[in-house]
Amino acid sequence: GNCETAALVADDGSIDWLCLPAFDGDPIFARLLDARHGGFFALLDAASGRQPVPAGQRYQPETAILETDLSLSGGSLVVTDLMPIASGDASRPLLLRHIRATAGTPSLVLQLRTSRDYGEAGAPLTTIAPGSEAEPGRAGLRVAMDAPQVASHLPGVYTLRAGQAVTCALWPATADKMSRPEDHYTGELAQARQFWATWVGACAYAGPYRETVIRGAITLKLLSYAPTGALLAAPTTSLPERIGGSRNWDYRYTWVRDGAFTAQAFLALGFRREALAFSEWLGTRERLDATEMRTMYTIRGRRDLPEYEATALEGYRGSRPVRVGNGAAEQTQLDIYGEWLDFIERLYRDESPPHWLCDLIIATVERVRAQWAEPDSGIWEVRSAPRHFVYSKVMCWVTIERGLALAQRAGWPVDQAAWRETAEAIRGSVLAHGVDPVTNAFRASYEVAAPDAANLMLALVGFLPPDDPRIVATTDAIMRELRDERGFIYRYRDLDDGVGGEEGTFVMCTCWLVENLALQGREAEARDLFARLRAHSGPTGLLSEMIDSATGELLGNFPQAFSHLGLIRAALALGKLPH
């Protein structure tokens, strides 16, 4: 990625997903969602006419530079892909591919096809010839290729000896001219390595899980939209929560909740600039009318995200529908204020917030004081009738508690006694109506006795101590009723969410369980569960939203900010345990 958009590269070297001009734009490569009609940029074994055989994939250490090993009939290759970090310079390439022979004399063909309008239109398949320049399919990009002297006389076939390479560049269509890709590659590779070395060098984490934490931090950085400071939930849409199912959602937007969690992870690792950028971006949205904070926004701050189905795409492995936009933008989700203010209180522990932010904080607390007793759609964005979710009530309590902490430090002229009274009323309501009298565990909602993994957050935000019997009972109930055979956690089971269908276990909820186990002194359980989670991230270290209980396959949009910030939080919690 380049902090404006991101590409997904399959283990056979094919780029199967890329949206332009930004994360939420039209995907020009969409084979991820349609094997027949979606665009792609692929390598073909010229001798066999088939895709190369995957032989390994990894990032260069502590960078976002990807290497993919491939085996062909005549030898082997390594493909290095990088996207120069966006700088606003239209003359820089968008993406560079360097394809080097490592053994034998492999022969390959490079094929590119673009799709537009979510599969409604597409360009013909283009075979990229040596030294060529093209603008395939009017897709907002141009392509250029460098190649050594080739042994084959067949058009578009590259036969390389070990050590030889071809370099391809994708350029924005607005570029005035394209110089030789190879000239750019050497310089951009050095710049990318230097960028990531400098950025990673600012990380404050020095614990035993550095590889996981750094990969998570880089992934979150790649999910940031540099022009505004917005933070993405994921760079994809409609990757299913169950293969063949219909629980497929568009996550290429900024949720207040997800953004606040991500910004808090940045802050915990020492990346204050990214945390401040998100705070200022959201504040810019709201400073004109503090009563209008929405659940989610586009990366440019628009509040309208109408949801529709892109019927021309068959969906990932036939999982329809493919959705664009997200109807959850219209929901009431009262928890978002607590997540946001929890982050803001941490961000400004050592300094006073700017004046405009003080006004927004006060208005947010007053809004929650007026609304906390109402039902909402909750953290899981149920599409059934709103309920009195325990987690939402607790996050309303967090809103007022963090507002009080800020007001007391800064001496704001607010009625702190009234705020405290509301916080105590919320606490009393949750303890009276949110605890199951049989299990002594917190319920999903006042109406539903079943457990909800979101309640693993109650101890993490300080609603009750981690060793409180109700917290321990909640942890045990979730492990008893929401855990699969791998030890991973479902969000919920016996809750009508208005969507139907099955889903996988939720990575972030499993990370919350690791945190709870660590806080309760159950170190062996916590470390074992964390190790099993890390093992599912594979050689690239990336995780999706969910994991299939039966197969261990990754499910849902990919890579998912929730999952990586969850791993970071869990690693930090484990790091506080005595060794």
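Here's a quick tour of the cores, cysteines and salt bridges in this predicted model.

## The nonpolar cores

Let's start inside. The largest nonpolar core has 128 residues, and the members that touch the most others are Trp 340, Ile 344, Phe 442, Phe 463 and Trp 512. Helix α7 (residues 390-410) supplies the largest share of this core, with eleven residues. Apart from this core sits another one of 54 residues, including Met 83 and Val 322.

Beyond its neighbours within four places in sequence, Phe 463 is in contact with Val 394, Trp 397, Arg 427, Val 430, Leu 431, Phe 442 and Leu 458.

## Cysteines without disulfides

Look through the whole structure and you'll find zero disulfides. Take Cys 19: the closest cysteine sulfur belongs to Cys 3, but at 16 Å that's too far for a bond. Cys 19 is also buried, at 1% relative accessible area. Cys 358 counts as buried too, at 11%.

## Salt bridges

There are 39 salt bridges in the structure. One of them pairs Glu 62 with Arg 210, with the closest N and O atoms 3.0 Å apart. Glu 62 lies in the loop between β5 and β6 while Arg 210 is in helix α2, so this pair ties together parts 148 residues apart in sequence. Glu 62 is partly exposed at 33%, and Arg 210 is partly exposed at 31%.

Another salt bridge joins Glu 307 and Arg 323, at 3.3 Å from N to O. Here Glu 307 is partly exposed, whereas Arg 323 is buried, at 12%. There's a network as well: salt bridges with shared partners link Glu 241, Arg 247, Arg 491, Asp 497 and Glu 503.

Key:
Residues are numbered from 1 along each chain as its sequence is written. This is a predicted model: local features need pLDDT of at least 70, side-chain atom pairs count only at pLDDT 80 or more; totals for chains, interfaces and linings use all residues. Side-chain values use heavy atoms; hydrogens and water are left out. A nonpolar core is a set of buried Ala, Val, Leu, Ile, Met, Phe, Trp, Tyr and Cys residues joined through side-chain atoms within 4.5 Å. Buried means under 20% relative accessible area, exposed over 50%, partly exposed in between (1.4 Å probe, protein chains only). Helices (H or I, at least four residues) and strands (E, at least two) are DSSP runs, numbered from the N terminus. Contact means heavy atoms within 4.5 Å. A disulfide is a pair of cysteine sulfur atoms within 2.5 Å. A salt bridge is a side-chain nitrogen of Lys or Arg within 4 Å of a carboxyl oxygen of Asp or Glu.
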